[in-house]
Amino acid sequence: MNTAPYIDCGDLILRLPQESDIADRLKLGRSYEFVKMCGGSTEGILPFTENELRGWYESICKTPCAWVIELNGSCIGSVSLTVHKDDNKATYAIGIYDEALFGKGYGTKVTRVVLKYAFYTLLLHRVDLRVLEFNTRAIRCYEKCGFIREGILRDGACIDGEYYSDVMMSILEDEYIV
């Protein structure tokens with residue numbers, strides 16, 4: 001069950017999912033660039049089905065620490081922390097679904113807010129992530145927020161028959177600056 005708190009970020013809101021998010025996501029459609037940045041096949045991309053989006057919605061509802069990113073009353077993305085309590089760490093993931101909003105700083109703003117929650121509320125020691133090497137916009141965002149490159153998982157993803165490496169990044173509690 002999702003127990004993530006409501007977080008007001010000014011122009012953005014992080015909140016629990018609502019049924020209306022399915023319609024918002026359907027309206028945005030499936031973005032070629034978003035699919036590739038997540039490591040999915042871009043060959044023959046089809047529109048979302050109602051069942052796919054219902055599964056996406058239910059997944060956020062079941063994830064203990066996940067939010068829908070809302071802008072102007074509509075869902076524009078989602079973000080999550082997968083907390084590993086035994087190691088006092090979490091894995092971070094974010095997706096902005098609207099291509100018109102790429103490069104506008106929303107990912108950086110959300111990442112900073114979620115890191116503050118991770119280190120000051122959840123009292124985590126570490127937050128880590130992996131990002132495809134060609135996703136330079138996301139890598140810049142993560143570096144601005146304090147993440148450090150730890151290494152490369154060489155040829156860790158095969159997308160449309162080509163291999164790409166994953167960049168492994170993390171930030172520790174004593175490296176985090178508000």
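Reply: Contact here means heavy atoms within 4.5 Å. The model is a predicted one.

Me: With that cut-off, what is Tyr142 in contact with, leaving aside its neighbours within four places in sequence?
Reply: Tyr142 is buried. It belongs to the residues with the most contacts inside the largest nonpolar core. Its contacts beyond four places in sequence are Tyr92, Ile94, Thr111, Leu129, Val131, Phe147 and Met169.

Me: How many residues does the largest nonpolar core have, and which element gives the most to this core?
Reply: The core has 49 residues. Those with the most contacts inside it include Leu14, Trp67, Leu81 and Val127. The element that gives the most, with 7 residues, is H4.

Me: Which residues of H1 are buried, and why are they on the same side?
Reply: H1 spans residues 20–28, and its buried residues are Asp21, Ile22, Asp24 and Arg25. They lie on the same side of H1 because they cover an arc around the axis of only 165°.

Me: What covers the buried residues of H1?
Reply: Both helices and strands take part in the cover. The helices include H2 (32–37) and H3 (50–62). The strands include S2 (12–15), S3 (66–71) and S4 (74–84).

Me: Which residue just after H1 takes a positive phi?
Reply: Look just past the end of the helix. The phi there is about 75°, and the residue is Gly29.

Me: Which residues of S2 point one way, and which the other way?
Reply: In a regular strand, side chains alternate between the two faces of the sheet. In S2, Leu12 and Leu14 point one way. All four residues concerned are buried, and those pointing the other way are Ile13 and Arg15.

Me: Which residue of S3 does Leu14 stand opposite?
Reply: S2 has S1 (residues 7–8) as an antiparallel partner, joined by 2 bridges. There, Ile7 stands opposite Leu14. S2 also pairs with S3 in the antiparallel sense, over 4 bridges. In S3, the residue opposite Leu14 is Ile69.

Me: Which residue in the turn of the S1 and S2 hairpin has a positive phi?
Reply: The hairpin has 3 residues between its strands. The phi is about 90°, and the residue is Gly10.

Me: Over how many bridges do S7 and S8 pair, and which residue of their hairpin takes a positive phi?
Reply: S7 (residues 148–159) and S8 (residues 162–172) pair in the antiparallel sense over 8 bridges. Cys158 has Tyr163 in S8 as its bridge partner. The hairpin has 2 residues between the strands, and the one with a positive phi, near 50°, is Asp160.

Me: Which side chain does a polar contact join to that of Ser78?
Reply: Ser78 sits in S4. At 15% relative accessible area, Ser78 is buried. Its contacts beyond four places in sequence include Trp56, Ile60 and Trp67. The polar contact is 2.5 Å, and the partner is Tyr97.

Me: How far apart in residues are Phe34 and Tyr97?
Reply: Phe34 and Tyr97 form an edge-to-face aromatic pair, 5.3 Å centre to centre with 85° between the planes. Phe34 is buried at 17% relative accessible area, and Tyr97 at 6%. Phe34 is in H2 and Tyr97 in the loop between S5 and H4; the separation is 63 residues.

Me: Why is the pair of Tyr142 and Phe147 edge-to-face?
Reply: Planes over 60 degrees apart count as edge-to-face. The ring centres of Tyr142 and Phe147 are 5.7 Å apart. Their planes are at 65°, so the pair is edge-to-face.

Me: Which residues form one aromatic cluster?
Reply: The structure holds 9 aromatic pairs. One cluster is formed by Phe34, Trp56 and Tyr97.

Key
Residues numbered from 1 in each chain as written. Predicted model: local features only at pLDDT ≥ 70, side-chain atom pairs only at ≥ 80, totals over all residues. Heavy atoms only, no water. Buried < 20%, exposed > 50% of the residue type's maximum accessible area, 1.4 Å probe, protein only. Arc of directions from axis to C-beta. Polar contact = N/O pair within 3.5 Å; in protein donor to acceptor, adjacent residues only side chain to side chain. Pairing = 2+ DSSP bridges. Core = buried A, V, L, I, M, F, W, Y, C linked by side-chain atoms within 4.5 Å. Phe/Tyr/Trp six-rings, centres within 6.5 Å; stacked < 30°, edge-to-face > 60°.
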